[in-house]
Amino acid sequence: MSFAAPPFDLLTGAARSPVILHVPHSARRIPADVRAGIVLDDSALERELDHIVDAHTAELAERAAGLSGVTPWRFVNRLARLVVDPERFPDEREEMLAVGMGAVYTRTTDRNVLRPADTDPEPLLARYFRPYARAMSEAVAERLAAAGRAVIVDVHSYPSAALPYELHGDGPRPPVCLGTDPFHTPPELVAAARAAFGEVGLDSPFSGTYVPLEFHGRDPRVSALMVEIRRDTYMTEPGGPAGPGLERLASALAALVDAVSR
C-alpha cells in the first residue's frame, strides 16, 4: 500500500513575496511499503521519530506566515525524513554518509541499523527525492519570476543534548543556530535574523542551508538561511508537546520574514 496524500505542499503566499519558508523535517508519516524496509519494531521506530523529527516546525511556519505583513510561501514536507531526507546530497558529496544518513538513511540517531546496509536507495530517490527537488526548484523559479529574487528560510529544530549521529555535536548549542552558505547567505540576511531572534549562534552545531541544486552556487538572486531552533526553548523533549515558546518564536520568525520582504 502506498502513501495516498501528496508527499509535500506548496502553500500560497503573497504574489510579491520573495520568501519561501521551507519545512523539510516536521512530519512523522511513513508509507506502509517504505515502513516494510525499516528493521525497527514499532516502538523503536516511534522513539527514533521522537529524536529525528523537527516537531512542530510546520505549525511554527504556519503561525509565522499568519503574523507576517507580507505572507510568505511555505514548502512543507508531509513525509518523515526517514523516507528520504530532501536536504541531503543524493551522492558521495554528502558528509552524513559517514554515519549512514545520506538521502536515504540506513542508520538511526544512535547509529544502530535502520535499514540493511545494502539497501538500494534508487527506488526511494526516484519516487520521493527527485520529485521533491524538482518541485522546490520550480517554487524558487516562480519567486524569481514574480519578485526578482528568492529568499529560502529553512525552518528546523535540534535537540538540546547532542545525539550520537551528530558529526559536529561538541560545539555551542545556542537557542537559535543560523546555518549559512558562503554564496547564498548575505550578511544582511544574517543581521535580520539576529535582530529577529536575539540570542543566536552561527553554524554550530549544524551548518549550511538548503538551496535547490539547480541554483546552488550559481544564482546570487537566491539567498538562503537555515534557522535551527533548540527544542527545549519551545517543546518537551523528545517528541513532546509544544509550549508557550512556540508563539514567541513564531513572532520572531514573522519579524525575519517581514525584514527580508521589504
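Let's start with a contact: the side chains of Asp 54 and Arg 231 meet in a salt bridge, with 2.9 Å from N to O. Keep in mind that this is a predicted model. The pair ties together distant parts of the chain, 177 residues apart: Asp 54 sits in the loop between helix H2 (42–52) and helix H3 (57–67), while Arg 231 belongs to the loop between S7 and H6. The count of salt bridges comes to 15.

Both of those loops hold something else to look at. In the loop between H2 and H3 you'll find His 56, which has a positive phi of about 70° although it is not a glycine. Over in the loop between S7 and H6 is Pro 238, and a cis peptide bond joins Glu 237 to this proline, with omega about -15°. There is also a cis bond from Ser 204 to Pro 205, with omega near 10°; Pro 205 is in the loop between S6 and S7. These spots are worth a glance because most residues other than glycine have a negative phi, and most peptide bonds are trans.

Now for the sheet. Seven strands make up an open sheet with mixed pairing, and their order is S1-S3-S2-S4-S7-S5-S6. Strand S1 (8–11) and strand S6 (200–202) are at the edges; each has a single partner strand, so one side of each is left without a neighbour in the sheet. From one strand to the next, the twist averages 20°. Follow the order to S4 and S7 and you reach a parallel pair joined by nine bridges. Within that pairing, Asp 154 stands opposite Met 226 in S7.

H4 lies across S1, strand S2 (19–23), strand S3 (73–77), S4 and S7, and runs at about 160° to S2. Helix H6 (residues 245–261) lies across S2, S4 and S7, and its angle to S2 is about 145°.

H4 gives the most, with five residues. By class, the lining of the largest pocket splits into 17 nonpolar, nine polar and 15 charged residues.

The second largest pocket has about 190 Å³ of space. Of its 14 lining residues, Leu 97, Gly 102, Ala 103, Val 104 and Pro 121 lie nearest the centre. Here the classes come out as nine nonpolar, four polar and one charged.

Key. Residues are numbered from 1 along each chain as its sequence is written. This is a predicted model: local features need pLDDT of at least 70, side-chain atom pairs count only at pLDDT 80 or more; totals for chains, interfaces and linings use all residues. Side-chain values use heavy atoms; hydrogens and water are left out. Helices (H or I, at least four residues) and strands (E, at least two) are DSSP runs, numbered from the N terminus. Ala, Val, Leu, Ile, Met, Phe, Trp, Tyr, Cys and Pro count as nonpolar, Asp, Glu, Lys and Arg as charged, and the others, Gly among them, as polar. On a 1 Å grid over the protein atoms alone, a cavity is a set of points where a 1.4 Å probe fits but cannot get out, and a pocket is an open set with protein on both sides within 12 Å along at least five of seven lines; lining residues have an atom within 4 Å of a point. Grid points are joined across faces, edges and corners, and a volume is the space filled by probe spheres set on the points. Two strands pair if DSSP finds at least two bridges between them. Axes are lines fitted to C-alpha atoms, for helices over the stretch in contact, and angles run from 0 to 180 degrees between N-to-C directions. Contact means heavy atoms within 4.5 Å. A salt bridge is a side-chain nitrogen of Lys or Arg within 4 Å of a carboxyl oxygen of Asp or Glu.
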